[in-house]
Each structure stands twice: as C-alpha cells, then as structure tokens.
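Visitor: I have a model on my screen and would enjoy a guided look. Could you take my questions one at a time?

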Amino acid sequence: MSEFLAKYAFLIVPLIKVAILVFAVLTVDAYLTWLERKVIAHIQARWGPHRVGPHGLLQPLADGIKFILKEDPMPAGVDKIGYFLAPFLTLTLAVTSLSVIPFGPDIKAFGYVTNFGIADVNVSLLVLFAITALGVYGVALAGWASNNKYSLLGGLRSSAQMISYELALTLSVVGVLLIAGDLSLKHIVEYQENGNLGLLGWNLFGFAKDHAGFTQIIGFVCFFIAAIAETNRVPFDLPEAESELVAGFHTEYASMKFAMFFIGEYTSMIAVSCLATILFFGGWLSPFPAYWTFTHYLPSVILIPFGLWVIFDGVRYETIFGRILLPGVGATLTAIGAALFLFPAANDVIQGPFWFFAKVFVFLFFYIWMRGTLPRFRYDQLMDFGWKILLPVSIGNVVLTSAFLLWRMH
Amino acid sequence: MPILENLWIIPLLPLLGSAINGLFGAKWSKPVVNSIALGSTGVSFLCAVEAVREFLAGGSQPFRKEFFDWIVAGSFRAGFDLQLDQLTVVMLLVVTGVGFLIHIYSTGYMAHEGGYYRFFSYLNLFMFFMLILVLAANYVLLFVGWEGVGLCSYLLIGFYFLRKSAADAGKKAFIVNRIGDFGFMLGMFLLFRTFHSLDFATVFDAASKPEVAVEPMGQFGILTVACLLLFVGAIGKSAQLPLYVWLPDAMEGPTPVSALIHAATMVTAGVYMVARSHVLFTHAPTAMYVVAIVGCATAFFAATIGLVQSDIKKVLAYSTVSQLGYMFLACGVGAFGAGIFHLMTHAFFKALLFLSAGSVIHAMGGEQDMWNMGGLSKKIKATFVCMLFGTIAIAGFPPFAAFFSKDAILFAAYNYENGGKVLYGVGLLAAVLTSFYMFRLIWLTFFGEKRYDEHHVHVHESPGSMTGPLMILAFLSLTGGWFALPALFGGKDYFAEFLSPVFGAGEAGGGEAAQSMEHILSIVAVVAATAGLLVAWQMYSKNVKRGTSEGVHKLLYNKYYVDELYAAAVVRPLVWLSTNVLWKVVDAGMIDGTVNGVADGAAAVGDTVRHTQSGNTRSYAVWVVVGAIVVLGIVFWPILHPAVFGGVR
Amino acid sequence: MVPTNYYLILSAILFGLGVLAFVFKRNVITIFMAIELMLNAVNLAFVAFSRALGKSDGEVFVLFVIIVAAAEAAVGLGIIILTARNRRSLNVERVDLLKL
Amino acid sequence: MTASVIIFFVLAALAVLASVSLILQRHPIHSALSLIVVMVALAGLYLLMGAEFVAAVQIIVYGGAVMVLFVFVIMLLNAGEEERTNFSKLATFGGIPLALALSGMIAAGIARSSSQLATSPATAEGAISSTRQLSMLLFKDFVYPFELTSFLILIAILGAIVLAQREN
C-alpha cells in the first residue's frame, strides 16, 4: 500500500490538492457573493439577505440549488459551439489560474516536502498571464454566439477593454520582475522576506534584505486598476452594464451557464487578489519582524474572541435554527483557535496561509467596497484612461525602476 | 587675417553675394539687394587692395598657393591654385575697382528695371568668374573663369530676354565664343602634351629653359601652333577679326553691362591671357607676328566701321574692338607692358564713356540713336563733362591716359623689326579715325540744335549714384597714364618697371636716339588726333541731317556685310545639315526608331503575359505555392535526388 | 524522450495543412489565419532544432517571428477592414479588380 | 513509449485535427477557434521540449493578442459563413496536389537530412536556466534586431491606425 503511494505520489498528491482547491474555491465564491450582498446592503443601510438561515448564511446554498434546478432555455439562432464553449472556458480558465499560485511556504509532512499550491512552475507568473490572456475568449464568444445585439456589444466592449488593460497589467508587474529577477511567484515571495523589517521588505515598499529594492507603489496602483478592469468589475463593468446593455455578454444565459460566468468572475477576482498579494504584499510573509514571535499567536487571538462573539450572538438569535447553528460555528472557531494555541507546530504551519488569506480577504473586501461606492466609467473615458494614462504611467514605472537598479549596481 | 594667404576670399565674396541675391533676392526690397551686391563687391575690392599692400610689403615676391586639388588624374593635376604677381595686381585692381564703381552706377541705372535682383546676381557672378580668371595659377582654372565670364556675358546680354534681338545677341555671343574656346582648349591640350602640366609656373619654366630654342620666323613648331591656338581663343573672347561680330550685338544688354563686361574687363581677358603666356609667345615669333597683324588690322577695320554708326553704343562698341586691336598690336610687337598699360587706361576711359553714354540714354529715356539727340550739353552738364574727358582721353591728347599708353604701343610698333613701319602707319591712321568718330559722337550728341521732341522726352540729369562713378572714372582716365609721365622727360616708365619682373626688362627702349624718336612720334600722334578732331568739327559742328547712305558709307554702315557673309558661309549650311540629316534621318529615323521599337516589343510581351493576371487571389496563391516548390526543389536537390531516383543513402 | 524528427515531421504536416488552407479558403480572414498557421509550423521546427542543438538561438528567432506576426496581424487586419468596407464582401474571389 | 512520447502524440494529434478543422469549418469564428487550439497545443509541445518561456509567449501573444484581434475583427465585420465560390480553376484542381507535393518535399528533405541530429531528443539540458539564457541572447547578441523589431511594431501600429480610421 505505502509503496503504491510512494510510486504514484506524483499523481495522487496533485489530484487531492486539485479536489481540495476546487471545493474551497467554489465555497469561497459562494460566500463571497453572500459577503458582497451583505456589505453592499449595509453600505446602503439595508439588511441584505437574512431570511435563509441565520444572517442569510444559507443564501448561497439556496442560490446554488436555484441555479441547478432552473430551466435552461436556448435562444434561437445561436452558434451552438460558441454558446456552450464560452461559459466552460470562462470557468475553467479562472479556476486553472489559481493552480500556479503558492498559498504558502512548502509543507513538510510525513517526510514528504510539497509546495503549498498545485503546480510549482518556474515561470508561474507567465503561465498565470497566459491563462488570463485566454480569458477574453469566454466573454467575446458568449457575446457573439448568443445572437443578440446587446450581447455582441458587450462582448466587443469587453474584448477591447481586456486587450487594452492587459498591456497595463503586464507592464505594471515588470517592475517587480526587474527587482526580483525571477518569474516564479514562490521565489518572488521568498525574495521579499526581510527578517527584521517585516512589511518594509515587501515590494510595495521595497526595502528587501540584501538586494536592490525599489518601492513599487506606482506599479501596485496600476496593477490593481488594470486588474479590476480585467475582471470586469465596477467601475469597469461596462461589458455587463445593465443600464445600457441589459446584462451585456451574458444576457442570453440562464441557470448553470450563467452560474459558470458568475463563479468565473468571482474566481478571477480571487486569483487577481492573490497575485496582488504575492507580487506587492509579500505573499504569505508576516508583516511583523521575524523576532516578534508573539505575533504567531495572532490567529488564535483573532479566532477565539470571534468565535466567542458568534456564540454569544447566536444564543440570542430569533430562530431556533439560528440558536443551534451559530453557537456551533462559534464553538468550532473557538476550538480551532484554542488548538492552534496549544499545538505550536500546527500554528507554525498555519502562519503563512493565515497572512496570505488575510491579505487576499482585504483585497476582496476592497472590491466589494468599490462596487458599493463607485459609479461606472463611460466607454471612451475607459479607453482614454487605459491607453493615455495607465499605460504611460506603468511604462514610466518600468523606466524608473530600471534606472534605480542601474544606479544601485554602480 | 592675412588676405594674401587666403586669396580665395576675394573671389568668394561676389559668389556669395550672387548666391544670396539669386536665391532670396526676389522677395527682398531693392535696398537690401543693393547692400548685398555692393557690400560683397566693395569688401572684395578692399580685400584686393589689402592683398596688394601685403604683396608689395612682402618685397613683391610672386605669390602662389595651392588651396585644394580639383582634378587629379595620373600625372595630370588641376588644382584650385591662385597666384598673385604684378600682372595680376594690375588686373585685380582694375576688375574689382571698376567693377565696384559700375555696381554703384547700376543701382541708379537699373532702378526702374524689372529683374533687379537677377541683374545684380549675374553681375556678382561675373565678378566671381572674372576674379578666378585673373587669379588662376593654371590654364584649367583660368579656363573655368574664361567660360564663366562667357556665361555671365550671355546671361546679361540676354537680360531683356523678352526682346528677341537681345536673346539672339546673347546666343550669338555664346556661339561665336565657342569657336574661340575650341581653339583655346586645343592649345591647352597641346601644351599639356608638350609640358605634361598646365600650371603656369611649370609650363613657363620649361619653356624659358635655354635648351628650348626660339622657333625662327615663318616656322610652325609646336610652340607656334600652341600660341596660335591660344590666340584663337583670345580672338574669340576679345572680339578680334574675324570673330568680332558678337561684340556690337552685345550692346543689347544694359549699358552698365556693356561698360563692365564688353569694354572694361571681360573682353580684355584675351589680352591678359596672351600677356600671361608671353613666355610662350616670345618663343614663337611667327605667332607674335600674326597677333600683331590681326590686332593692327582689327584696330583699323573696326575704327572704319565706327565712323558711320548712328547708335551711340554701337560706336563705342566698335571703338572698343579697335582699342583691343591696339592692345594685341602691342602684345604682337612684344610690348606686353604697353599692352597691359593700355588695357588699364582703356578700362578707365572706356568704362567712363559707356557709363556716360548710359547716362545720356537714361536722360533721353532710352533713346540710343545719335541722330535723335543733340544740344544736350546744357541739359546734362556733368555727364557732358565726363564724356568729354573720356573722349579726349581715348583720342590720345596729353596729358590724358590713352596718350601715354597708345603712344607706347605705337612707339613699340615703330621699333618692331619686320614691317613695323607699316603696322605703325596703320595704327596711326586708326588713331586719326578714333579721334574722328569720338568727336563726331560728341558733336552729334551734345551740340547742334535738339533733334528730339520736347514733349515726349524730358531730359534730366542722372542721379548721384550714376554721376559719382562717372566723376571718379573721369579723374582716373585723366591721371591713369601718369605712371609713364617721367618717360617723356627721359625719366623711367614706372608702369613698365613695375611689370618688368613679369615681362622682363628691355622693352622701353633706352638711348638718346630712341628718346628723341619717341618725342617725335608723340607729337605725330597728337597731330593725328587733332586732325581727326578738326575733320569731325568740320563735318558735324553745324546742323546736319541724317545722311542717306550709299557707296563706301553704305558698305561701312553695314559693317562690310560680314554678318551676312557668315550667315551664307556657315549658318545656312549648318541649319540645312541639322534639319535634313541630323533631325530627319538620325533623330527621327534611328533614335526614335530604336526607342519605339523597344517600347513596342515590351507592349507585345506584356499583351501575351498579362493573361496570367486573372485577378483571382486564390490563383495567385497557387502560383506562390508553385514558386515555393521550385525553390525548395533547388535547395533540397543535393539531399533529395536519391529520393527522387529511389537511390539509397 | 521524443526525437527531433517527430517534431519536424509534425511541423511539415502543419505547414502543408496551412498551405492547403491558404489555397482553399475564400475568406480573407481565414486565409490570414492560414498564414499564421504556417508561421506556427515554422516556429515549431525552430524550437525543435534549438532544443536539439542545445542552443537558444532558435527560440530567439521564434520570438522574432511572433513579433513580426503580431505586427503583420495589426496591419493586415486594418487592410482587411478597409476592403470589407469598400467591397462589402470578405470573399477574395469577389475582390478581383486586379486584372486586365 | 515513455510518458513524454504519449503526451507528444496526444498534442500532435490535437494540433493536426484542429488545423484540419480550420480548413473544414465554414465559419471564420470556428476556424479561429480551431487555430487557437492549434496554438495551445503547440504551446504544450514547447513546454514538453522545456522551452517554457516560448510557450508562455506563444499563448500570451498569439492566443491572447493576435487571435483575439482576429476574433474581434470577425465580430466587428459580422462575417458570415464563407461562400464556396470556385472561380479559380487553378486552385480547384491544382490546389491539393501542389500542397501535398510541397509538404511531401519538406518531409522528404527532413527525412533525408543529417540523421544524428534528427534522432537526438529535442529536449533542453538546462531547462530551468533556459529563460535566463534566452534573455541573455536576446539582449546581448541579438539586441539590434530586437530594437529593430520594436521599430517594426511602432510602424505597424501607425499603419494600422492610418488604415483603420475613417476619412473625415
């Protein structure tokens, strides 16, 4: 049995990882929608979903069931291949893009050493860009195939927009590449490690330990804006501008196919947030200097009070179901926190992922926040901004960085 | 900056002026154009003076400098080499000085003409080429200037190119000069073949070596032939018999041009060239003799024609021809110094005469026929006085310039051994005629009652910009000859002495007998001039009408029908040949035939091939594939043919 | 390990298919794609050679080819848009003014 | 029959089939999609050969930019199915044999070319450092051609703009 494992480990381990990842991603997506609705609701002084389950916690589940059970009409005169291909393409690419992202440092378990993440390619950044580059086709195809003027316009718009902002996206990263001198995301993260300065070592600030560093704030701003445009989110959500294009490229899609677009969009949001975290915010690195060992207990320090609060909040909930569910959740969280506190080994393993996901969460929250607050661009404004401001600025960043590096060399 | 070291500045300045005016002058106002034209010439005149000062200060050593190689082919080298010696000094000062004066004059004279900037651009260009000609240190560069002044003369004669007569005159001058240039070039080739160089220094040193024998009289050695060929060039440029015909027609150009180019400077280029190559000529007595005869004949012949002309400028033109004849006579009899001397004085008084004539024409509003003038002396005093100065000078009354120079020439001719007396006689006769037609001009123009219509022409004195130069020139033509004044009283001829380093001493014949003889001859000359004056006064002082011309008068008036003769002998046959052979047979037949044949062939091929152009892109694509296959086949052949023939590797 | 020959043969096949498409498609854009296909076949051969010889020069040339292809696409598609506007058709056989 | 050979044949088959479908599809969009498949397959082959940088560039530039442009133009011009006109006899009858002759020629040339290179495995020894090697070559030995290509791109952009803008 064990030698079988040993023999086919190279096949089994990735499969397990993929399974975990896909499951995790779907769940996170689902609850991201819940979070989004809640946050926006509170921004607009509403309650948001609160019927299905306590605090509407089961809303995503209900949505999922609805998506599966709904009828799936296919409009007349669609181009079948395109019409079916588009959503699959979108979802697949979005999920695949996560496969090269290292969520944490390598894990050493049962004598095996494996990377925290699915694939460890030495040009993972390029691979990531390659996958996102293909992402255009989903939208464009959907728009064209569904034989509908609104969809076509949406598709055209989005393909134009994605091509335009892809340039800025790629160029804004070049600064980081110049500093790190490596295309592997893992190495880029490790490079940003700075034992006694903590977060100052991140590319955002660029006081790396013993190499030439240079602050990439400009690069980060460009990157983030371009990323929002790439993911077709507010304020760049022209492809699906309800007011003008009904729902843009996915007007003609319903039930599961629509869900695929939906999930794809959120997944790409996650992917982009991960990328930003890795490139500019030191990935899984803790923002504190290494010798502040007490910060290692931060997870527990957050989890235990939160869990206790959930219990406290749960026992006073209106519905009985809530009074059962919420305390349960709270208890679990508290337990996890306590466990981490008690078993330092597990705690150390958890450190990297903890920081990583914390940062990603911040970005995702930012996404939602913007959606709640910002108005939409006009199309020509969008194009002008992309070509006349974002692109030059990111190029300028490249020039600046390389000039600085040269100066450091001599 | 020592100008002498940078001689090129002197010619360059007018060139710049010409270029600037020619390129941009069209848009500029007249003052700007003036300032550029006058500035360039004036500064170049000052530079010339400075150069001469340095030259004299430097012990008047002949200066020669090679600035850059122009043509280098095997042993042949023609560089941009400039030189400065006494002869050049004289020419340089005359050219720049008189040229500058005439520029000033032109600003007044051309004030109301069109193509103002064009005129000055040409004029400056002429200055440039003339200076090159004068300063050149080898025959090739000299020839450049030679041709350049020819070009400018052509442009300026045809300045009023809308007038057919002007355009024709320009062409005539150009073509006639070609004949001379042909001879000149042949001469150059012969010289190069003989001396393997065309630098003055090299050639003359080689020629003046003792082992180079002087070719005896009547024998045609290489030197003689070369000199004769060069002289042909001089004949063309300096309008001697039989090629003088272009000069009278050249009067179609504006009067300042006639003064500068066709009296003072360009036409004397021939004389300068002969004098420059005097070393060769002295080795070829035969050539010298020819030169003397031609010059003498021209002097007399042109003078006779001048007697009856009615156009004031024509008279002056013929007098120019005859005066040039005098200079060649001088060169022919070996008195190069005297020739150059006369060249200088002639430059002064002939420029003066032309400019005064121009002033008269200006006053008469363009009228050139002397028979329509008369009684102008009171109306335009300044012009009259200047003209009078010029006339007296050219007639050869002492103490005016021409007295000394012409006297020197006649004296030299008298002393010339073979047939000198005859030459002297003819020259004297010419002198009489000269003084006659000049005073005829004076009386017809300035005295008698007016023969023009007051209402149409209102006579007015010319502006200061015109009279000013006149006065300066008048002064010069009075004093220009006084270098030789001491010679009369047994002193020495400073001019001849100044030039002696170039021409060698021993021409101003010393000795008591010669001295007394010279006095006698001078008196004779004065007497002759007086005779001419008296006759003219006799004939023209009282009222006269335009005489009907018959007999000799008619013959003279029509210039001995030389033009008609040339037309019959040369022009018509040429025209016939060109039309019937060159055009109809060679051009229309052979050349056009070939060209059209080629074109038709191409058309025929195209007609057949164009059917592949179906316009269908896919067919083109297939053709591309075919081409690819062929190319691959060629490339892969070495490794492919076993595959093709089933061979085994 | 895969022998170089395999790659070369594959690139030859792809190239041939590209030629076929080049000759047989009527749509300008598709013909353009055929050209791109041929370029890709050539790229494959390039990479195969460079890996076989252990030198990266071939890959550099692949990069150059890609750059050129991009430029070509930009200009070519511009031309195609113009022709489509003027001729109201993308069929190359309907664009046949270039003949006697 | 190692794993790499299997992968090779899978990808090769994918590429060939996709290019065949490029020919057979009547609608330009479908042809474009098939071409994209070809390119992705080729990228996989590059990865198999260890040329990961080229693979990535292949997908980013070809798949992500050039082909997007194609699709974009097809949508813009709203190109319909192609009409199978046969005005060119030459293409109709001469096309297939000529194309076959051409590819056959190339194949024969390869088959006859020097054997030891042909049979040597097409895989890099230092796959990890190959990207670095590549950049060294690109920015040291081939720097002038590289800069020239940038000019080429610039000119192409200008040309495209000039061509595409409407006269007004």
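This is a predicted model: local features need pLDDT of at least 70, side-chain atom pairs count only at pLDDT 80 or more; totals for chains, interfaces and linings use all residues.

Visitor: In which loop of chain B does H196(B) lie?

Guide: Residues are numbered from 1 along each chain as its sequence is written, and chains are lettered from A and ligands numbered from 1 in the order in which they are written. Helices are DSSP runs (H or I, at least four residues; strands are E, at least two), numbered from the N terminus. H196(B) lies in the loop between α6 (164-195) and α7 (200-207) of chain B.

Visitor: Is H196(B) buried or exposed?

Guide: A residue is buried if 20 or more other C-beta atoms, placed from the backbone, lie within 10 Å of its own, exposed if 12 or fewer, and partly exposed in between. H196(B) has 12 other C-beta atoms within 10 Å, so H196(B) is exposed.

Visitor: What is the phi of A45(A)?

Guide: Most residues other than glycine have a negative phi. A45(A) sits in the loop between α1 (2-43) and α2 (59-69) of chain A, and counts as exposed because it has 6 C-beta neighbours inside 10 Å. Although A45(A) is not a glycine, its phi is positive, at about 55°.

Visitor: Which residues does the cis peptide bond in chain B join?

Guide: Most peptide bonds are trans. In this one, omega is about 0°, and P242(B) has its place in the loop between α8 (222-237) and α9 (246-249) of chain B. The residues joined are L241(B) and P242(B).

Visitor: How do α5(B) and α6(B) run relative to each other, roughly parallel or roughly antiparallel?

Guide: Helix α5 (residues 139-157) of chain B packs against α6(B) at an angle of about 170°, with the axes 8 Å apart. Axes are lines fitted to C-alpha atoms over the stretch in contact, and angles run from 0 to 180 degrees between N-to-C directions. Angles under 35 degrees count as roughly parallel, over 145 as roughly antiparallel, 65 to 115 as roughly perpendicular and the rest as oblique. Therefore α5(B) and α6(B) are roughly antiparallel.

Visitor: How many helices are there in chain D?

Guide: Along the sequence, chain D follows the pattern α-α-α-α-α-α-α. Buried residues make up 41% of its 168 residues. Chain D has zero strands, and its helices number seven.
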